[in-house]
Amino acid sequence: MYSLKQAEELVDSGQPDDRYVWFDADTLVYLAALKMETFDLPVECAEDMMTDMYERFKKRISEECWLDEPIIISCFSDSHTFRNRLTATYKANRKGKWKPNYIRTLRNAYSKQFVSVFEPNYEADDLVAILQ
């Protein structure tokens, strides 16, 4: 998984800017983890779901944006961000709520297969905004 600095270097590597598509991948991994736990599926099945979602997303971007080979960069959020330090009420309604157990496992599996960015203290949408 790339850091923010490494992702910035990747963008500056000479590829045309219009080929990059920055993507908040938190939801994709969350959905796979949720389905995995809801239907008692093995990790491999959830990994296949993520791959399928990624490929469908890439195909749709290619078709709708007329990009032959888009370069999809998936961004992931840290569990605690700089906003948590700014105000105690930031996403406070989510504390103590259930969430799937395998999010970290699936995020790691996803990032081994697809170009991904993670930076401590940042949310995925912050990374998307910084890098585009």
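Analyst: Gladly; let's begin with Thr81, which is in contact with Tyr90, Asn121, Tyr122 and Glu123, leaving aside its neighbours within four places in sequence. Contact here means heavy atoms within 4.5 Å. This is a predicted model, where local features need pLDDT of at least 70 and side-chain atom pairs count only at pLDDT 80 or more, while totals for chains, interfaces and linings use all residues. Residues are numbered from 1 along each chain as its sequence is written, and side-chain values use heavy atoms, with hydrogens and water left out.

User: Why does Thr81 count as buried?

Analyst: Thr81 has 2% relative accessibility, and buried means under 20% relative accessible area, exposed over 50%, and partly exposed in between, with a 1.4 Å probe and protein chains only. The value for Thr81 therefore puts it in the buried class. Thr81 lies in the loop between β2 (71-76) and α4 (82-86). Helices (H or I, at least four residues) and strands (E, at least two) are DSSP runs, numbered from the N terminus.

User: What makes Pro100 buried?

Analyst: Its relative accessible area is 4%, so Pro100 is buried as well. Pro100 is found in the loop between α4 and α5. Not counting residues up to four places away in sequence, Pro100 touches Tyr30, Ala33, Leu34 and Glu37. Tyr30 and Pro100 are 70 residues apart in sequence, with 7.3 Å between their C-alpha atoms.

User: Why is Lys5 called exposed?

Analyst: Lys5 counts as exposed because its relative accessibility is 58%. Lys5 lies in helix α1. Between Lys5 and Leu131 there are 126 residues of sequence separation, and 9.7 Å in space, C-alpha to C-alpha.

User: Which residues of helix α6 are buried?

Analyst: In α6 (residues 124-131), they are Ala124, Asp126, Leu127, Val128 and Leu131. These buried residues pack against α1 (4-11), β1, α2, β2, α4 and β3 (116-118).

User: Why does Asn121 count as partly exposed?

Analyst: With 30% relative accessibility, Asn121 is therefore partly exposed. Asn121 lies in the loop between β3 and α6. Its phi is near 75°, a positive value in a residue other than glycine.

User: Which residues of α2 and α5 meet?

Analyst: From α2 come Leu28, Val29, Tyr30, Ala32, Ala33 and Met36, and they meet Ile103, Leu106, Arg107 and Tyr110 in α5. This contact has nine nonpolar, no polar and one charged residues. Here Ala, Val, Leu, Ile, Met, Phe, Trp, Tyr, Cys and Pro count as nonpolar, Asp, Glu, Lys and Arg as charged, and the others, Gly among them, as polar.

User: At what angle do α2 and α3 pack?

Analyst: Helix α2 (residues 26-38) and helix α3 (residues 43-65) pack at about 145°, and their axes are 9 Å apart. Leu28, Val29, Ala32, Lys35 and Met36 of α2 make the contact with Val43, Ala46, Met49, Met50, Met53 and Tyr54 of α3. The residues in this contact divide into 10 nonpolar, no polar and one charged.

User: Which residues in the largest nonpolar core touch the most other members?

Analyst: Of its 20 residues, those are Leu28, Val29, Met50, Leu106 and Tyr110. A nonpolar core is a set of buried Ala, Val, Leu, Ile, Met, Phe, Trp, Tyr and Cys residues joined through side-chain atoms within 4.5 Å. Two or more residues each come from β1 (20-24), α2, α3, β2 and α5 (103-113), and α3 gives the largest share, six residues. A second, separate core of 13 residues includes Tyr20, Ile71, Val128 and Leu131.

Key
Axes fitted to C-alpha atoms, helices over the stretch in contact; angles between N-to-C directions.
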